[in-house]
Amino acid sequence: MTRSVLPCCLLALLPALSANAQTTTANDWQALHAGTRVAGLESRVFTAEHWWQLVLPGLTAERGFAVEQIGHSAEGRPLRHVQWGNGPTHVLLWSQMHGDESTASMSLADLLAWLGNAPDDSQVDQLRQQLTLHLVPILNPDGAARFERRNAQGIDINRDAAALATPEARALKALRDRIQPAFGFNLHDQRPGYRAGNSDLPTAIALLAPPMDASRQVNEVRGRAIGVAAHISTTLQPALGGRLARWDDSFNPRAFGDLMQQWGTSTVLLEAGGIEGDTDKQQLRQHTWVAIVAGLQAIADGHHAEADTRAYTDLPENGVVWPDLLISGATVHGQGLAPLRTDVQVNFRHALRFEQGRISDIGDLSAQAVRHRIDASGLHLHALPDAQLGPDSAARFYLSRDAAGKDVLWTLDGDLPLAQQPAGNH
Ligand SMILES: [Zn+2]
């Protein structure tokens with residue numbers, strides 16, 4: 001039966017019917033994910049070597065995979081391309097071009113495990129028949145080794161899409177040019193402090209169908225990406241409603257997402273943000289997995305073309321970034337200076353774990369919204385004996401009841417003790 005022979009009254013019902021028939025819910029996907037999660041990735045800090053040691057043994061030809069090296073990083077680590085599927089639509093997915101953005105690399109490990117472990121699953125079969133997947137997990141293994149954003153040469157690979165000065169960017173571009181993928185997934189993490197729109201809620205996941213030029217026009221290529229992003233948004237809505245956002249769509253002529261779109265690959269940017277208490281982004285690993293498989297399914301069954309694009313366009317933009325911690329109202333004793341009553345703001349390298357803090361501001365921050373606030377009114381704040389108190393100093397100080405700093409009440413030595421963290425982190 002085709003739509004054209006249906007009477008118009010039935011035709012009106014079709015979008016809803018087909019949505020029910022084709023759409024797998026977030027709950028279904030989450031249940032699938034629980035059974036396919038790769039063990040050994042419980043910390044969000046891991047090396048590329050560790051990731052491949054876990055994943056590579058499962059990527060055999062018998063299980064439908066082909067693995068090739070497509071280059072090496074500045075420090076000589078292998079960059080690998082994993083191919084799976086026999087379908088006509090090619091999809092390129094790459095993760096962790098920023099070395100400290102590891103969430104989607106965990107999700108891609110789980111994706112490969114699912115594809116390999118469940119070859120007879122009808123959804124896996126549909127993906128295999130319709131798509132050919134090309135994965136480049138951990139594009140920046142040198143950055144991952146240090147858990148830092150940039151590559152070993154100090155370059156932000158996502159600002160190197162035009163210059164192609166780094167071996168990592170060249171490898172990704174060469175692969176794109178060779179396989180000419182119709183779709184792309186550009187997988188990142190963003191700061192957990194971002195709020196969704198004007199709300200107080202942290203953005204759990206932000207999506208973007210990047211513009212292809214400064215005009216931000218929606219041509220066919222970008223339109224397809226918007227359809228995929230809208231389908232992902234709809235799928236995630238029940239679990240993450242209010243915590244989904246859209247990235248700012250200013251054109252960046254040096255960024256891969258934007259240029260992929262320009263080169264003809266309908267690309268969706270996904271940024272895993274933060275959920276309080278999800279210190280190693282294990283919940284976000286699952287949501288990201290759901291986003292990826294829902295997006296792939298929508299590409300495989302053509303559903304993206306029917307998606308209600310308002311599910312994407314109506315998302316709030318990423319709002320302001322809330323700093324991690326504010327110690328408010330203490331009398332601050334700087335070395336050799338007159339004490340003053342003021343506020344001290346701290347941001348942490350591992351924001352969700354409140355680890356490796358640095359002082360990010362000192363002054364009247366009473367109007368500042370923050371992720372976590374400690375009211376230190378009536379207390380005295382001193383640097384630890386070998387530490388400094390100033391903007392960009394390591395956050396190493398303590399609170400005392402007395403001005404001389406003898407009666408110590410609380411100490412912050414870089415990491416915030418778990419018992420001091422917000423309730424969600426316990
Ligand atoms: Zn990034």
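A residue counts as buried if 20 or more other C-beta atoms lie within 10 Å of its own, as exposed if 12 or fewer do, and as partly exposed in between; the C-beta atoms are placed from the backbone. This is a predicted model, in which local features need pLDDT of at least 70, side-chain atom pairs count only at pLDDT 80 or more, and totals for chains, interfaces and linings use all residues. Residues are numbered from 1 along each chain as its sequence is written.

**Stop 1: confidence**

Colour by pLDDT, the predictor's confidence in each residue, from 0 to 100. The protein chain averages 93, and 94% of the residues score at least 70. Now select residues 1-21, where the pLDDT is below 50. Beyond near neighbours in sequence, this stretch has four contacts in the model, a contact being two residues whose C-beta atoms, placed from the backbone, lie within 7 Å. Where pLDDT is low, the predicted coordinates should not be read in detail.

**Stop 2: Asp324**

Select Asp324, in the loop between strand E10 (318-321) and strand E11. Helices (H or I, at least four residues) and strands (E, at least two) are DSSP runs, numbered from the N terminus. Is Asp324 buried or exposed? Asp324 is buried, because 25 other C-beta atoms lie within 10 Å. Leaving out residues up to four places away in sequence, Asp324 touches Gly193, Val346, Asn347, Phe348, Ala351, Phe354, Val370, Arg371 and His372. Show Leu352 as well: its C-alpha atom is 8.6 Å from that of Asp324, although the two are 28 residues apart along the chain.

**Stop 3**

Select E11 (residues 325-333) and E12 (residues 340-350), which run antiparallel and are joined by six bridges; two strands pair if DSSP finds at least two bridges between them. Leu325 stands opposite Val346 of E12. Six residues lie between the strands in this hairpin, where Gly336 takes a positive phi near 70°.

The hairpin of E12 and E13 has four residues between the strands, and Phe354 takes a positive phi near 55°.

**Stop 4: helix H9**

Select H9 (residues 256-263), in which seven of the eight residues are buried. These are Phe256, Gly257, Asp258, Leu259, Met260, Gln261 and Gln262. To see what covers them, show elements including helix H7 (167-179), helix H8 (220-240) and strand E9 (266-272). Just after H9, Gly264 takes a positive phi of about 105°.
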